[in-house]
Amino acid sequence: GGGHLQGYRTGMKFYGEAYGQFGRYVNNLTGFGRIRQARSFALMGGVRYQLPGFQDARPWLDASYTEVSGDDNGDDSKNGNFISLESNDDTIIMESAYYGYDIDTNYRAAKVKAGMNFSEDWSAEGVLGFFELQDNSNGTASNNTSSDKLGEELDLTVHYRATDYLNLSFG
């Protein structure tokens, strides 16, 4: 489930989503019999503030936190990875399915974003993200190192809305 709460005159918006998964993931897998989906979850929440007094520029600031479960033991018959439908593409390198790692399970991220419109057709935004593994399985999820850190990312993107059906982004 999810939702948001928006102030009428304050420009403040609180938002969040949370999901849980359980049940059978695979039946009749050779060597295992079946794999159960257990302890799988994803959650995301944040706050966005629309700065007042800038009229059409509509600058905004955003801070969010995301956590998506990982599997703590690949040798058992329980899958702890949250299985998603993708499309969490806030960042170009870590999350993008087109250009980056396309990470969508076993991670947590804290992000700070800002953006504004330059005109009706042009806008820009920046994202600073901090990423780490959600479950490192005593180092086995990260090439036997005990560090959970995946890295930091800074993205600057300019968007051009050429028509209602053609949008270009430069990042």
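## Strands, salt bridges and a nonpolar patch

Strands β7 (residues 122–133) and β8 (residues 149–161) run antiparallel and are joined by eleven bridges. The model here is a predicted one, so treat what follows as a reading of computed coordinates. Overall, the chain has nine strands and zero helices, and its pattern along the sequence reads β-β-β-β-β-β-β-β-β. Of the 171 residues in the chain, 30% are buried.

**Strand pairing around β8**

- Two of the residue pairings can be picked out by name: Tyr 160 has Leu 168 in β9 as its bridge partner, and His 159 has Ser 169 in β9 as its bridge partner.

**Salt bridges: the network**

- The whole structure holds seven salt bridges.
- Asp 90, Glu 95, Lys 111 and Lys 113 belong to a network of salt bridges.
- One link in question is Lys 113 with Asp 90, where the closest N and O atoms are 3.0 Å apart. This pair connects distant parts of the chain, with Lys 113 in strand β6 and Asp 90 in the loop between β5 (78–79) and β6, 23 residues apart.
- Lys 113 counts as buried because its relative accessibility is 11%, below the 20% cut-off for that label. Asp 90 counts as partly exposed because its value is 37%, which falls between the 20% and 50% limits.
- Glu 95 and Lys 111 form a salt bridge as well, again with 3.0 Å between the closest N and O atoms. Glu 95 sits in the loop between β5 and β6 while Lys 111 sits in strand β6, so the pair ties together parts that are 16 residues apart in sequence.
- Glu 95 is buried, since its relative accessible area is 0%. Lys 111 counts as buried too, at 4% relative accessibility.

**Salt bridges: Lys 149 and Glu 152**

- Over in β8, which covers residues 149–161, Lys 149 forms a salt bridge with Glu 152, with the closest N and O atoms 2.9 Å apart.
- Is Lys 149 buried or exposed? Lys 149 counts as exposed because its relative accessibility is 52%, and exposed means over 50%.
- Glu 152 has a relative accessible area of 47%, so Glu 152 is partly exposed.

- Ile 93 is found in the loop between β5 and β6, and Ile 93 is partly exposed because its relative accessible area is 41%.
- Along the chain, Ile 93 and Glu 152 are 59 residues apart, but their C-alpha atoms are separated by 9.9 Å.

**The nonpolar surface patch**

- Which residues form a nonpolar patch on the surface? Met 116, Phe 118, Trp 122, Val 158, Leu 166, Leu 168 and Phe 170 do, and together they have about 620 Å² of accessible area.
- Met 116 is a residue of strand β6 (residues 107–117). Met 116 counts as partly exposed because its relative accessibility is 31%, and residues in a patch need over 30%.
- Leu 168 turns up here as a patch member and also as the bridge partner of Tyr 160 in β9.

**Rings**

- How many aromatic pairs are there? The count comes to four aromatic pairs.
- A pair of aromatic rings is described by the distance of the centres and the angle of the planes.
- There is also a charge over a ring: Arg 48 lies over the face of Trp 60, at 3.8 Å from the ring centre.

Terms used. Residues numbered from 1 in each chain as written. Predicted model: local features only at pLDDT ≥ 70, side-chain atom pairs only at ≥ 80, totals over all residues. Heavy atoms only, no water. Patch = residues over 30% accessible without salt bridge, like charges linked within 9 Å, V, L, I, M, F, W, Y side chains within 5 Å. Areas by Shrake-Rupley, 256 points an atom, 1.4 Å probe, with all protein chains shown as cover. Salt bridge = Lys/Arg side-chain N within 4 Å of Asp/Glu carboxyl O. Helix = DSSP H or I, 4+ residues; strand = E, 2+ residues; numbered from the N terminus. Buried < 20%, exposed > 50% of the residue type's maximum accessible area, 1.4 Å probe, protein only. Phe/Tyr/Trp six-rings, centres within 6.5 Å; stacked < 30°, edge-to-face > 60°. Lys NZ or Arg CZ within 6 Å of the ring centre and 35° of its normal. Pairing = 2+ DSSP bridges.
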